[in-house]
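Hello,

Here is the structure we talked about handing over. Please open it next to this email; my notes follow below.

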Amino acid sequence: MAAKVYAFANQKGGVGKTTTAVNLAACLAEAGERALVIDLDPQANASSGLGVKATTTSSYDLLDGAPIAELAQPTAFENLFLIPSKPELAGAAVELSRLEDGERYLAESLANVEGYDFVLLDCPPSLGPLTVNALAASDRVVVPVQAEYYALEGLAQLMQSINLVKTRLNPRLVVGGVLITMSDARTNLSADVEREVRRHFGNLVFDTVVPRSVRVAEAPSHGVPITYYDRASRGAEAYWKVAMELVERR
Ligand SMILES: Nc1ncnc2c1ncn2[C@@H]1O[C@H](COP(=O)(O)OP(=O)(O)O)[C@@H](O)[C@H]1O
Ligand SMILES: [Mg+2]
């Protein structure tokens, strides 16, 4: 079976894109699926979250046409591979926007990708050329939304961009799910936001809600996914459930 490609996108920063991409990849990998994370954010949080620091090659080279087989690195975790990012990737965004067909570079690099069951694209917090490239290359887009007051703000624009990419560049693209993150069960606010998000997006919303948890926030500073950092934590349990939902929806 060909790899399914997932983009984790939301133009808002700090909503849990990277945390979700890294932790879902880790759960899938542990379940025996070969997973490749491609870090498309010049801030390289997914790279450091998986314990990878300075590298020579990066996702910048992928956009330049270098083959995946040469760029994907093993991580410390079985079945889990990474194409890291580095700050230079910010320049690629500018270059891509100047090129004719600059929106399709990643799709071309990922066409017929072999050797993986899941490819997870961690997008930067914008709807710029890197995110458009990711959407153009994906089968599914997962939209993390933070359980806070302005959660729905910007989502209409995001859905519009997704539809535009679907029409113009990639008819296979569908929304694979909306994931509520950093929910605080003790507050009415989180419950209200969850209700609103479910009212707007219905079945698209994952049943599982990721709770706000200090352990989830701590894990990246140790360069490991939550399932390795604290297997018994509520955060690890939630990401396992989300991974199962993702596989069921595959
Ligand atoms: N469930 C959670 N509980 C607590 N902190 C979280 C949780 N998910 C993410 N965070 C923290 O929130 C911040 C933003 O998350 P991140 O995944 O980097 O967002 P994005 O990639 O959308 O910018 C990070 O510091 C991260 O560690
Ligand atoms: Mg991020």
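**Ligand 1 and its contacts**

Lys17 reaches ligand 1 through its side chain: an N or O atom there is 2.8 Å from an oxygen atom of the ligand. Keep in mind that this is a predicted model.

A polar backbone atom of Val15 is 3.1 Å from an oxygen atom of ligand 1. At Ser213, a polar backbone atom is 2.8 Å from a nitrogen atom of ligand 1. On its own, ligand 1 exposes 560 Å², and the protein buries 80% of that.

Which residues come nearest to ligand 1? They are Gly14, Lys17, Thr18, Thr19 and Ser213, out of 14 residues around it. As for pockets, the largest one is the space that ligand 1 takes.

**Aromatic rings**

Tyr150 has 47%, so Tyr150 falls in the range between 20% and 50% and is partly exposed.

One more ring to look at is Phe206. Arg249 lies over its face, 4.4 Å from the ring centre.

Best wishes

Definitions and conventions:
Residues are numbered from 1 along each chain as its sequence is written. Chains are lettered from A and ligands numbered from 1 in the order in which they are written. This is a predicted model: local features need pLDDT of at least 70, side-chain atom pairs count only at pLDDT 80 or more; totals for chains, interfaces and linings use all residues. Side-chain values use heavy atoms; hydrogens and water are left out. Buried means under 20% relative accessible area, exposed over 50%, partly exposed in between (1.4 Å probe, protein chains only). A charge sits over a ring if NZ of Lys or CZ of Arg is within 6 Å of the ring centre and within 35 degrees of the ring normal. A residue is near a molecule or strand if one of its heavy atoms lies within 4 Å of it. A polar contact is a pair of N or O atoms within 3.5 Å; within protein, one must be able to donate a hydrogen and the other to accept it, and residues adjacent in sequence count only if both atoms are side-chain atoms. Accessible areas come from the Shrake-Rupley method with a 1.4 Å probe; for residues, only the protein chains shown count as cover. On a 1 Å grid over the protein atoms alone, a cavity is a set of points where a 1.4 Å probe fits but cannot get out, and a pocket is an open set with protein on both sides within 12 Å along at least five of seven lines; lining residues have an atom within 4 Å of a point. A molecule sits in a cavity or pocket if more than half of its atoms lie within 2 Å of its grid points.
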